[in-house]
Structure formats: C-alpha cells, structure tokens
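User: I want to learn how to read salt bridges in a model. Please walk me through a case.

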Amino acid sequence: MATVTTVFVAYAATGCSAGTDLAGQHSDGRASGVDSPGRGGPLTPFDVDRPAIARLDAGLLRAVQAAARDAEDDGIAFVVTSGWRSRAHQERLFAEAVTTYGSVQEASRFVAAPDASAHVTGHAVDIGPTDADSWLSQHGARYGLCQTFANEMWHFELAATPGGVCPVMLPDGSSR
C-alpha cells in the first residue's frame, strides 16, 4: 500500500494522470498529454490540431482557453495532461488501475470505467502543473470550471455557469 500511496502522491504533485509515469509516458510507451520530446512540447489548451484538445466539448474548450489566457497574465502556464480520451484508451487506463489498486472498486476511486468517464465524452480536462491547478481551483468558477473530485486536484469539468458557484466536490470518481 505504501507504494500505491507514493505513486498517487507523485501523480498528484505533478498533475499526471493515472496510467502515466512522471515523464508523461503511458506504460505501453504512448505519450500522454505531456508530450514526449520531438512532438512540440507540452500540450496546451490551444493545440486544437491534437485530438485530445480538438474533441473536447466546445464549451469546455472555450472556458479552458479563456482561463489559460487569464492565468498567463498572472504568470501561470496551463499544460493539458489529459483531455479527450478514446474509449479504448480509457479501457486501458482502467485495466491498469484495477491491476495497480487490486479491485474494480478501489480502481474506480482514481480512474473511471469507460462508460462513466467524462474524458471519453470530452467533458473533462486534466490540467497541470500544480501552480496551474491551484490557480484554476481559485479562479475556475469565473469560467464555469470546477474541480469535481477532491482526490484529483488536476481534474476539471464545466460544472457551473460562468461566474457561478462550483458544486461541492465529490470525494472521488467512485462517488459519481
């Protein structure tokens, strides 16, 4: 259990999504939202030529882009560590989480099954690094962007009207 906790804390501290290592690589070598060298650097909310960004819900994309522009004025750069995910990719992430955490129930706290994932529908985005997460946690409601899970400081969804109040965070993904 100590290893799992250490890995989870490392992911939380870096804004990496479950299923990736700290260099932004999936266990099978595919690059995550944090691109590998030679692919143009980190993925931003403005990389609309990339499926992880292009397939986000249009309202979510507009909100994340507006927030990223305003955060930049405060010296904060957004990196999209994960955006839209294919169903097949989400299935791989979930299977890896079941192996890592030992059960479907425990894995569901950290990675949604494909039918429950807001990433698969393009309604969620994971943002890093931690200074960007902090900025978005403080200012996201201006754009309707809310951290939806208490155990995922990097996971944001369009969950309020711009300028409104974000709903109370769920403890984790299994609470949905």
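User: Is Glu 157 buried or exposed?

Analyst: Start with the cut-off: buried means under 20% relative accessible area. In this predicted model, Glu 157 has a relative accessible area of 9%, so Glu 157 is buried.

User: Which side chain meets Glu 157 in a salt bridge?

Analyst: Look for a side-chain nitrogen of Lys or Arg within 4 Å of a carboxyl oxygen of Asp or Glu. Here the partner is Arg 176, at 2.9 Å from N to O.

User: How many salt bridges does the structure hold?

Analyst: Six. Take Asp 115 and Arg 87 among them: their closest N and O atoms are 2.7 Å apart. Arg 87 belongs to helix 4 (residues 87–101), while Asp 115 lies in the loop between helix 5 (104–107) and strand 2 (125–128), so this pair ties together parts 28 residues apart in sequence.

User: How do I read the accessibility of Asp 115 and Arg 87?

Analyst: Exposed means over 50%. Asp 115, at 69% relative accessibility, counts as exposed. Arg 87 has a relative accessible area of 40% and is partly exposed.

User: Which residues are linked with Arg 87 in a network of salt bridges?

Analyst: Glu 91 and Asp 115.

User: What about Glu 106 and Arg 109?

Analyst: They form a salt bridge too, with the closest N and O atoms 2.8 Å apart. Glu 106 is partly exposed at 24% relative accessibility. Arg 109 is also partly exposed, with a relative accessible area of 29%.

Methods:
Residues numbered from 1 in each chain as written. Predicted model: local features only at pLDDT ≥ 70, side-chain atom pairs only at ≥ 80, totals over all residues. Heavy atoms only, no water. Helix = DSSP H or I, 4+ residues; strand = E, 2+ residues; numbered from the N terminus. Buried < 20%, exposed > 50% of the residue type's maximum accessible area, 1.4 Å probe, protein only.
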